Amino acid sequence: MSDYNLRDLDLAGIRWEISDTPIMAPRAKPTPETVDMPARPTAATIVAEIGRAAASVVPAVAPIQTMSIDTVRAMASRPTDMETLNRMIAEFNHPLRATATNTILPHIGNGRLMIITDIPGADDDASGNILSGATGELTDKMLNAIGESRQTVSIIPMVFWRTPGGRTPSQTELDMARPFVDRAIELLHPRVILTLGTLPATQIADVNLAKSHGVPVTLTCGATCVPIFHPNYLILKPAAKRDVWNALQNVQNILKSAE
């Protein structure tokens with residue numbers, strides 16, 4: 001038998017003991033019970049059967065291609081109200097949806113302040129609500145300090161599904177969700193956008209948070225964007241609360257000037 005056939009048999013789960021000296025088994029005398037038994041298949045027959053079985057295997061189906069960004073933009077541009085947009089987000093088959101517990105939909109307030117945060121936290125993924133847990137409690141205190149609340153503020157994450165282990169989302173993952181974020185901004189017409197953390201500061205305001213913390217930036221949509229530290233950072237670094245308080249006072253003044 002050739003090495004090729006031996007490899008095929010090995011892959012098929014058949015183990016062969018090979019030696020240089022052939023071992024001749026004594027020929028047994030036929031008995032009434034064995035006279036009519038079919039002959040034992042040879043190795044060559046087994047290899048041939050393996051080849052025929054392999055040829056009959058149905059080829060794998062090609063994976064479904066990821067939807068293009070242009071297609072996502074076209075989809076996100078259709079809704080004319082936030083209820084429809086939220087329903088579209090809830091049904092959208094984003095790559096992160098398979099690993100997340102919940103889809104975190106935008107929270108809609110009745111005022112002109114919008115918060116854009118980074119990714120849903122573990123508490124958000126478990127509860128289905130944005131900025132929940134200890135992070136949410138600190139966020140509420142920050143809003144109350146400038147006369148705002150969850151009722152007056154809209155809150156939107158950069159992606160609507162928690163990433164595995166809370167890792168930073170890839171640019172592709174961000175790009176697949178960004179058209180929905182942009183459409184929400186268009187529909188809600190915020191006067192001020194407050195970004196929380198490094199990721200939305202970079203993606204929305206196109207600034208380095210460490211260098212531009214609290215510095216207002218005018219966006220192409222006409223809104224004023226103020227980037228600040230994420231509440232999670234403030235929990236770890238309480239000394240940074242003073243810088244955030246100063247930035248929040250700027251936000252309050254901008255909102256008052258627009259009344």
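At 16% relative accessibility, Arg183 counts as buried, the classes being buried under 20% relative accessible area, exposed over 50% and partly exposed in between, for a 1.4 Å probe and protein chains only. The model is a predicted one, in which local features need pLDDT of at least 70 and side-chain atom pairs count only at pLDDT 80 or more, while totals for chains, interfaces and linings use all residues. Residues are numbered from 1 along each chain as its sequence is written, and side-chain values use heavy atoms, with hydrogens and water left out.

Arg183 forms a salt bridge with Glu186, with 2.8 Å between the closest N and O atoms; a salt bridge is taken as a side-chain nitrogen of Lys or Arg within 4 Å of a carboxyl oxygen of Asp or Glu. The two residues are 3 apart in helix H7, and so are separated by about one helical turn. Helices (H or I, at least four residues) and strands (E, at least two) are DSSP runs numbered from the N terminus. Glu186 is partly exposed, at 42% relative accessibility.

A search of the whole structure finds 5 salt bridges. Among them, the side chains of Asp140 and Arg150 meet at 2.7 Å, N to O. This pair links distant parts of the chain, 10 residues apart, with Asp140 in helix H6 (residues 133-145) and Arg150 in the loop between H6 and strand S2 (153-157). Asp140 is partly exposed, with a relative accessible area of 25%, whereas Arg150 is buried, at 19%. A salt bridge also joins the side chains of Arg167 and Glu173, at 2.8 Å, N to O. Here Arg167 is partly exposed at 35% relative accessibility, and Glu173 is buried at 10%. Side chains of opposite charge can pair when their charged atoms come close.

The largest nonpolar core comprises 60 residues, and Phe180, Leu194 and Ile228 have the most contacts inside it. Such a core is a set of buried Ala, Val, Leu, Ile, Met, Phe, Trp, Tyr and Cys residues joined through side-chain atoms within 4.5 Å. Helix H7 (residues 171-188) gives the most to this core, with 7 residues. Leaving out residues up to four places away in sequence, Leu194 touches Leu113, Met114, Ile115, Ile116, Val226, Ile228, Leu248 and Val251, a contact being heavy atoms within 4.5 Å. In soluble globular proteins, nonpolar side chains tend to be buried together.

Met67 lies in the loop between helix H2 (43-55) and helix H3 (69-76) and is partly exposed, at 34% relative accessibility. Apart from neighbours within four places in sequence, Met67 is in contact with Val72, Met75, Phe92 and Met176. The C-alpha atoms of Met67 and Pro95 are separated by 9.9 Å, the two residues being 28 apart along the chain.

The largest pocket has a volume of about 390 Å³. Of its 19 lining residues, Asp118, Ile119, Gly166, His230 and Asn232 are the closest to its centre. On a 1 Å grid over the protein atoms alone, a pocket is an open set of points where a 1.4 Å probe fits, with protein on both sides within 12 Å along at least five of seven lines, and lining residues have an atom within 4 Å of a point. Grid points are joined across faces, edges and corners, and the volume is the space filled by probe spheres set on the points. Helix H5 (122-127), helix H8 (198-204) and helix H10 (231-236) each supply at least two residues of the lining, and the largest share, 3 residues, comes from H5.
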